[in-house]
Amino acid sequence: MDILAHIDSIPDAVVAEKARKAIQVLRRTCALYPLDKIAFSFNGGKDSTVLLHLLRAAVAQLQGPDTPGLGGILSFYFRKNDDFTEVKQFVEGADKQYSLDVEYIAEQDFKKGLCDYLESTGVMAIVLGTRRGDPNAGGQDTFCPSSEGWPPFMRVNPIIDWTYHEVWVFLRAVRAPYCTLYDHGYTSLGGTGNTLPNSSLRRPDGGYEPAYALADGRQERSGRLHAAQPKSPAPLQHHNHSQGGHVDKGSHATALDRLSSGGRGRGDGAVASGTAAAVADGAGDGEEVPGADGEDGRAADRRPAGPRSGGGSPLPGPGGSELTKSAAIVIIGDELLSGKVEDVNARFLCRELRSLGWQVLRVVFVPDDVDEIASAVRALAAVVEVVITAGGIGPTLDDVTMQGVALAVGQPLVRLPDLVSRLSEYFGGMDALTPAHLKMAEGPAAAELIDYTLPGADQPSKFPLVRVNNVYVLPGVPSLLVQKWTALRPRLEAAALAPFRNATLKLSLKVDETTIAPALERVASAHGLDVAVGSYPVEQGIIITLDSKNTEALQAAIADITELLPGEALVAMERDVDSLT
């Protein structure tokens with residue numbers, strides 16, 4: 001299958017549309033500039049790899065699918081002394097596989113190397129993998145001129161509005177080879193001296209899940225070290241050095257982004273105030289500016305700080321963080337969206353999942369509409385480990401969840417023979433089954449039926465849990481949903497995740513949030529990689545929440561916040577509560 005066919009088959013409608021728009025940007029770039037005056041900054045990172053295949057698609061549309069290389073568009077790669085071997089091997093492999101004719105630039109002074117390259121080639125536009133969430137992407141747009149003091153060229157950022165998860169949905173959907181480091185827990189690549197596997201992907205056995213398993217895209221850079229903490233890279237486990245591995249933006253990418261955003265770097269005359277940053281792939285996986293200091297040059301290594309409301313999952317850090325798996329919930333029913341019925345299923349599922357150590361990333365309410373259900377399920381199934389639907393699986397005309405799920409996974413909706421047999425037995429024979437009964441036997445063709453036994457019963461229920469791929473279909477009636485949860489819970493428990501622990505601190509009515517904001521800032525700054533901090537005004541005062549999988553980090557955060565709160569502010573503290581009311 002060629003690249004255009006792969007892109008046309010992307011199952012996620014949002015990612016598919018973003019891919020089409022990115023290709024339009026690249027086609028427009030080819031219309032604005034001569035092809036040999038456009039350069040692709042290829043550093044082997046995940047974002048750069050997305051761009052490679054988007055460029056291939058744009059060239060295929062303009063010149064035909066058999067066009068060699070990038071149809072005349074140039075490619076370059078900055079070699080750095082601290083590049084990962086896996087990154088270099090991936091770039092060289094892709095160069096050969098796709099006939100990119102990459103120019104390898106060995107100059108360690110980034111600005112000089114870039115200026116020399118632009119002077120020798122006459123390049124007028126550079127295609128980059130910068131994304132909006134990158135540390136130095138502020139102020140950039142799809143087309144962004146280089147900054148004052150640098151040679152004139154246009155930065156082209158086709159994936160500026162893509163998220164971490166959308167990058168991985170694309171790479172996996174089009175079956176693109178990527179650098180092997182991504183299969184060993186690395187989620188953002190700098191150099192060998194400042195990059196470790198992401199601790200939030202660490203498994204109980206000491207290994208690491210692949211980068212695409214990261215539940216929270218905000219944790220993308222959690223494996224990047226501060227400049228003041230130089231460490232050697234963690235040893236990889238049985239690396240496969242084939243091209244089929246995954247890599248992030250290489251080092252020169254971040255340098256280009258940083259410079260373009262006006263950041264300062266120093267050392268070897270490599271950086272002036274801002275502009276080249278444009279040239280590399282974005283800062284998300286970019287490398288550091290050679291000789292940059294810890295305050296300015298290491299902007300790409302800064303980690304987010306500050307309190308986050310909502311009691312979400314903490315950003316794990318080294319030493320004690322546990323793996324978190326992600327889930328999403330799709331609640332289905334017109335009666336819920338009209339406000340006629342109050343939902344209780346989402347709250348039940350969120351509590352249960354969190355008690356098992358799972359993080360719920362999304363709860364989506366959709367109407368009884370096949371396309372709406374399919375769109376929600378398809379999009380969520382691509383970015384989380386488990387999707388749970390609730391509602392819409394009865395015998396009436398508005399029960400269309402199975403149709404929506406079948407459409408989402410690309411399977412025909414059929415009558416499942418095993419389910420027909422069970423219904424026949426339950427309702428008194430085949431002759432007793434009406435079309436309404438048989439509707440409840442429908443499901444995606446490859447659906448799995450999961451048995452469970454009700455308390456006090458000696459036979460499995462005639463109404464098994466239905467699973468297809470990573471989607472589990474539950475009923476909307478709360479009592480029936482709780483019954484079927486008994487079949488699903490053991491499967492999720494098998495992941496052996498550490499549970500979330502929490503502490504809630506109830507404060508006096510005399511305290512307002514402006515008074516405690518500095519204390520929350522300090523605690524989040526000190527513990528924000530391991531502990532999620534939130535505050536909630538209630539009628540009785542204010543409740544502060546601290547959530548973590550790391551017991552030691554949670555205890556330290558409790559001690560710090562207690563010490564920092566105003567005198568007599570703390571009224572009571574509770575541990576491991578499941579409700580703030």
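Colleague: What makes residues 46-63 helix H3?

Modeller: Helices here are DSSP runs of H or I with at least four residues, numbered from the N terminus. H3 has 18 residues and reaches 26 Å from its first C-alpha to its last, close to the 26 Å expected at 1.5 Å a residue; the expected span is 1.5 Å times one less than the number of residues. This is a predicted model, where local features need pLDDT of at least 70 and side-chain atom pairs count only at pLDDT 80 or more, while totals for chains, interfaces and linings use all residues. Residues are numbered from 1 along each chain as its sequence is written, and side-chain values use heavy atoms, with hydrogens and water left out.

Colleague: And what follows H3?

Modeller: Glycine 64, with a positive phi near 105°.

Colleague: Why is arginine 155 called buried?

Modeller: Buried means under 20% relative accessible area, exposed over 50%, and partly exposed in between (1.4 Å probe, protein chains only). Arginine 155 has 2%, so it counts as buried. In H3, 14 of the 18 residues are buried too.

Colleague: Which backbone oxygen lies 2.5 Å from a polar atom of the arginine 155 side chain?

Modeller: That of proline 145. Arginine 155 itself sits in strand S6, residues 154-156.

Colleague: Why does asparagine 157 count as buried?

Modeller: Its relative accessibility is 0%, so asparagine 157 is buried. It is found in the loop between S6 and helix H6.

Colleague: What is asparagine 157 in contact with, leaving aside neighbours within four places in sequence?

Modeller: Contact means heavy atoms within 4.5 Å. The partners of asparagine 157 are Leu128, Thr130, Gln140, Asp141, Thr142 and Cys144.

Technical notes
Helix = DSSP H or I, 4+ residues; strand = E, 2+ residues; numbered from the N terminus. Polar contact = N/O pair within 3.5 Å; in protein donor to acceptor, adjacent residues only side chain to side chain.
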